[in-house]
Structures are given as structure tokens and as C-alpha cells.
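Hello,

Here is the structure I promised to pass on to you. Please open it beside this message and follow along.

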Amino acid sequence: MNTHKKIIVPLDVPDLQSAIALVDRLPQVDFWKVGLELFTSSGPAILEVLKSRQKRIFLDLKFHDIPNTVAGACRAAAGYGVDLLTIHATAGQDALRAARSAVQEGALQAGVKPPQLIAITLLTSISSRQLAIDLKVPLELPEYALAMALMAQESGLSGAVCSPQEVAQLRQICGHDFLLVCPGIRPSWAQKADQKRSLTPAQAILAGADYLVIGRPITGSDDPQLAWNQIVEELTTLA
């Protein structure tokens, strides 16, 4: 895979017009992430725009509900013909399995290829201290992320979303066929902001990440194209 195809850029903008403007500004980007804010404001219209331009789509809605509700949402989302779809692992194994089956059903009904369903292990904005004190989870953070990834794998999901700091352990234990997507990527020249568990793009790829979600270092830059080129150049040196 070309190194630039490993980068997913989030469309973290408030409306459809802003999203189209950003896509126009970065024509080199092959893979875009549509999250809660944009999907809530624009609905599936942005997905149609991206598909019309032959872009790959990561629909990052992070479903988290009872199994029946999660299954219904995944069945509907699969019909959009997106490439990646997310669910929180903490919804539990019954919900994960229901979602997996529903994705296949929804895609078959719509006549499209089913998306790869991946589980959120733990949001990258959460630190070890917050996991223990705020969420009252007694496990160490790497152990917890691994447990969530293994539950997703046992439930038949295609992969997991994890911070780059856990990706090496997950890759070793979950194997090479388990897709690992890493947000919280920050080049050495970028601010970490609210990301607590980050690595540089090169470090994350070397650790075993399949895809890197890189947002504000690119989209928040005064020159997004320059920022994109810098990151691609960094990854090209690994090829």
C-alpha cells in the first residue's frame, strides 16, 4: 500500500459546505473520516459527495447501545457503502456480535460491499489516571485496551481502534489479520492538544498500525497541503 493511503483525515467540520471546501483543498487525500458532528449536521449527503469523488470513507459514529439498537444502526449504516464503521467495545460482546451480523445483512440488502466493523478500545483522550479514577477501571490501561480488542476479535469484528501506544502489543497478540486504526497521531512539530496517548506517524506505523487518523495537524494548519506533504514524506522514508 502506498504510504499516503495509510492516512485517514477527519472531516471535523460543522457543516456540509465546510466539508466540501476541505476536500477540495486536499485532493491528494484518499481516505476521509466522517464523525458525529458532521454526520449529525449533514446526514448521508457528505457520504454521497465523497463517493462521487471515489474517496474511501471511515464512518466513525462509535455506536454504543443495547444489542438490538446497535444492530439496527449498523444495518442502516452498512447500506451507505462505507469502508470502515465503528462501535464501542464496551457495548459488550452481545452487541458486538449483533452488530457484526447486522452489517452483513445491511450491505447485502443494499447491494454494496460490507464495511469493516472495528471496535473502539478506549478513547485516546483518556489517560491511565482517568481510566482508574474517573471510570473506576481496576486494570492498567494497556491491559484494558488489549481486553477490549480481544473481545472484539472473538466477536468476529475486523479490527479495533486503539492509541498508538497500545498498537505494538495488540499487533503481537491479535495477529496481522486484525485491522488496527490509530487516532491520536501527532507529528513531532504538532501540539498534542487533548490527545493523551500519542506517537508520531512513523513511530505508529513501525509499531504495527494499519491506518493513522491525523486531523488537526493537517486540517488546523495554516497550510494543510504543506502539512500533508510533510507527513507523507516522513512515512515515505519507511518504505
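This is a predicted model: local features need pLDDT of at least 70, side-chain atom pairs count only at pLDDT 80 or more; totals for chains, interfaces and linings use all residues.

Let's start with the helices. Helix α1 spans residues 16-25 and helix α3 spans residues 45-52; the two pack with their axes 10 Å apart, at an angle of about 20 degrees. Angles under 35 degrees count as roughly parallel, and α1 and α3 are therefore roughly parallel to each other. Their crossing is right-handed. On the α1 side, the contact is made by Leu-16, Ala-19, Ile-20 and Val-23, while α3 brings Ala-45, Ile-46, Val-49 and Leu-50. The residues of this contact comprise eight nonpolar, no polar and no charged.

Next, a record to look at. An unreviewed UniProt entry carries the annotation "active site" for Asp-60, Lys-62 and Asp-65. Of these, Lys-62 sits in strand β3 (residues 56-63). Lys-62 has a relative accessible area of 25%, so it is partly exposed. Apart from neighbours within four places in sequence, Lys-62 touches Thr-86, Ile-87, His-88, Ile-120 and Leu-123.

The other lysine is Lys-33, in strand β2 (residues 31-34). Is Lys-33 buried or exposed? Its relative accessible area is 9%, so Lys-33 is buried. Leaving out neighbours within four places in sequence, Lys-33 is in contact with Ile-8, Val-9, Pro-10, Leu-11, Asp-12, Phe-58, Asp-60 and Val-213.

Enjoy exploring it!

Best wishes

Definitions and conventions:
Residues are numbered from 1 along each chain as its sequence is written. Side-chain values use heavy atoms; hydrogens and water are left out. Axes are lines fitted to C-alpha atoms, for helices over the stretch in contact, and angles run from 0 to 180 degrees between N-to-C directions. Helices (H or I, at least four residues) and strands (E, at least two) are DSSP runs, numbered from the N terminus. Angles under 35 degrees count as roughly parallel, over 145 as roughly antiparallel, 65 to 115 as roughly perpendicular and the rest as oblique. A crossing is left-handed if the near helix is turned anticlockwise from the far one by less than a right angle, and right-handed if clockwise. Contact means heavy atoms within 4.5 Å. Ala, Val, Leu, Ile, Met, Phe, Trp, Tyr, Cys and Pro count as nonpolar, Asp, Glu, Lys and Arg as charged, and the others, Gly among them, as polar. UniProt positions are given in the numbering used here, feature names are shortened, and annotations may be inferred rather than shown by experiment. Buried means under 20% relative accessible area, exposed over 50%, partly exposed in between (1.4 Å probe, protein chains only).
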